[in-house]
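Hi,

Here is the model I said I would pass on.

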Amino acid sequence: MADSFWDRHGLYGVMAEFAEPEELLAAAEKAYGFGYRKMDAYTPLPIEGLSDAIGFTRTFVSTFVLIGGSLGCMGGFGLLYWITKIAYAHNVAGRPFNSWPAYIPVTFECTVLLASLTAVIGMFALNGLPQPYHPVFNNPEFSARASIDRFFLCIEATDPSFDLVKTKAFLAEQNPLEVAEIEK
Amino acid sequence: MKVEELEALEKPAIDPGTDHIVGPGFTNATVTDKIANVALRPFRSTPMVWFLGIGIAFMLMQGLLIGSAWLFYKGVGVWGVVIPVAWGFAIVNFVWWIGIGHAGTLISAILLLLKQDWRTSINRFAEAMTLFAVAQAGMFPILHLGRPWLFYWLMPYPNSMWLWPQPRSPLIWDVFAVSTYATVSLLFWYVGLVPDLASMRDRATKLWQKRAYGLFALGWRGSTKHWTRYQMAYLLLAGLATPLVISVHTVVSFDFAISILPGWHTTIFPPYFVAGAIYSGFAMVLTLAIPTRKLFHLEDIITSRHLDSMAKVMLGTGLIVAYGYMMEAFMAWYSGQFYERFMYLNRATGPYGWSYLMLIACNIAIPQLLWLRSVRLNVPILFMLSLVINVGMWLERFVIVITSLHRDWLPSSWGEYHPTEFDWMIFAGTIGFFLTLMFLFVRILPAISIFEMREVLHHIKHRHEPQPAPGPAHGD
């Protein structure tokens, strides 16, 4: 079922445009209830509950950050330990080679640095950004207003239950301003 | 841009008062246009004051170029630093600039976690201020190195001499703290900008503008899946930046407090430095926000509610700073230590007594006016007060650095510090550099977070007209 007939014929999906976020949210919930899974909603501001409505719940960003932060923490402390105990062990005012309390600030900064970098790079990587081309921008209404004040729901042609006529009819029932076919 | 849009740019905005964080009648589209058009307006419709301001700032910036060129050529002797005062203007300015940066992180991270919705109109602006202030701060320790071209020796890297920095020293902690802070500030600012850059890309009419904004918008399309990950990343960044901002000024205060010099070796330093940093940072946000909102008619987005709240934060942090000064005086007496007492008396009545008196006037006495609501709502007076506090916080660092160093235990090694013209030139130059960057920022990028303003409008709408929400409840 990977490639549907419509997908093979250059169709990305069918997109409905809404004026209000509540209408989009209701439509997204109905679409999920109707059995559609491969879909995405596009909004100019984050809308609470919308990602749950389309069945997207796990972000993995926090897992990335936990890994990044732990590596930063161990790397920061490990670096200082290695410098003062192994690579360049010198007696400084009688302090022990591993004077760990003095290493806490740098360990903390390295933790924050790596955690922040993984948060940002991980988020963009999971989002697949930067992405120079995406089919949704083929809809002129989308490229003009999706980032300003309109709300869009796109059911993708790769969805097993996708059928151009039926999906269009389904979206047209959700009180949209417009329903458009999106080419790849 | 259409004629009516151009006319709208000149229309004065009405401040809706302290009860509103945004003026009436805004929709997602109009708030986008209002903010985006500050940057997207044609070159010839730029206000004349903007050209005047950036012209002056750019000229000031040349002081930095000339001063540092001469410094590189001759060495740090062109400054007034001479033993016993080896830390002069460079360290004073470093601490002042980095402190200013802290308000930006406080507004964007801590107030986000505390769900303060008034932060939205000023966070972008304050984050940019942070970034540019940290850039100024970062220059000073490097200029102060003596051999600035070897600054990379501060970083632990494998080198042919197989030498490593001394990680028990707070100066090395500083390298890590400041570079991490600069990086995280940049990340925070840029991540916040991405959805707005997408709006700018879609709003821009000229192809080159579309391309320029589009390049940095990374193809953002507002997908819900993206927003979910985005919000998670943003929240985590805020959670990481909150302890970071406190750690950075703590580490800066360790530069002083870890030493054994009277006047520096105190445990009050970390909290009092952090409070002072926020104090000066909020003063700088006000110094920048008041002219900007006037110049670009943003009074209905940066309202008296914001000015009032910022003034209250200044008052609160100012009182913590006052407590710090009192504790310094108290501990000098209570410790019973001869040198501590002498240091305090010398600070208040010695050759630099004038700076201590001015410091008390600028940081403690005059800001008490902020208790009065009428003062907090009087924009010109608030602006003047913010300048006074900026000066006061600079004097605080001057007092801490100079008066503690110039007379220590041994009277035969006492000395005085006199800044030279190159000290002043480089200091003024960084102010010019900072202001040049701020002027460019408000003219090129959305100075207010557009998508977060849309969220504010969304929440306000749901608060005022409760409707049977489909699905989970919105707002809070």
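Let me start with a pair inside chain A: the side chains of Glu181(A) and Lys168(A) form a salt bridge, 2.8 Å from N to O (that is, a side-chain nitrogen of Lys or Arg within 4 Å of a carboxyl oxygen of Asp or Glu). The two sit in distant parts of the chain, 13 residues apart, with Glu181(A) in strand β4 (residues 178-183) and Lys168(A) in helix α7 (residues 164-172); helices (H or I, at least four residues) and strands (E, at least two) are DSSP runs, numbered from the N terminus. Glu181(A) is partly exposed at 40% relative accessible area, and Lys168(A) is partly exposed at 29% (buried is under 20%, exposed over 50%, partly exposed in between, with a 1.4 Å probe and protein chains only).

Before the rest, some housekeeping. This is a predicted model, where local features need pLDDT of at least 70, side-chain atom pairs count only at pLDDT 80 or more, and totals for chains, interfaces and linings use all residues. Residues are numbered from 1 along each chain as its sequence is written, chains are lettered from A and ligands numbered from 1 in the order in which they are written, and side-chain values use heavy atoms, leaving out hydrogens and water.

Over all chains there are 15 salt bridges. In chain B, Arg119(B) pairs with Glu452(B), with the closest N and O atoms 3.2 Å apart. Arg119(B) is in the loop between α4 (89-113) and α5 (120-143), and Glu452(B) is in helix α16 (residues 450-464), so this pair ties together parts 333 residues apart in sequence. Both Arg119(B) and Glu452(B) are buried. Asp308(B) and Lys312(B) make another salt bridge, at 3.3 Å between the closest N and O atoms; they are four residues apart in helix α10 (residues 304-334) of chain B, which means about one helical turn between them. Asp308(B) is buried at 5% relative accessibility, while Lys312(B) is partly exposed at 43%.

Now the interface. 68 residues of chain A are in contact (heavy atoms within 4.5 Å) with 62 residues of chain B. The buried area is about 5,800 Å², with 69% from carbon and sulfur atoms; buried area here is the accessible area (1.4 Å probe) that two parts lose on being put together, summed over both. On the chain A side, Pro46(A), Glu109(A) and Ile148(A) lose the most area to chain B, together 11% of what that side buries. The count of salt bridges between the two chains is one: Lys461(B) with Glu20(A), 2.9 Å from N to O.

Cheers
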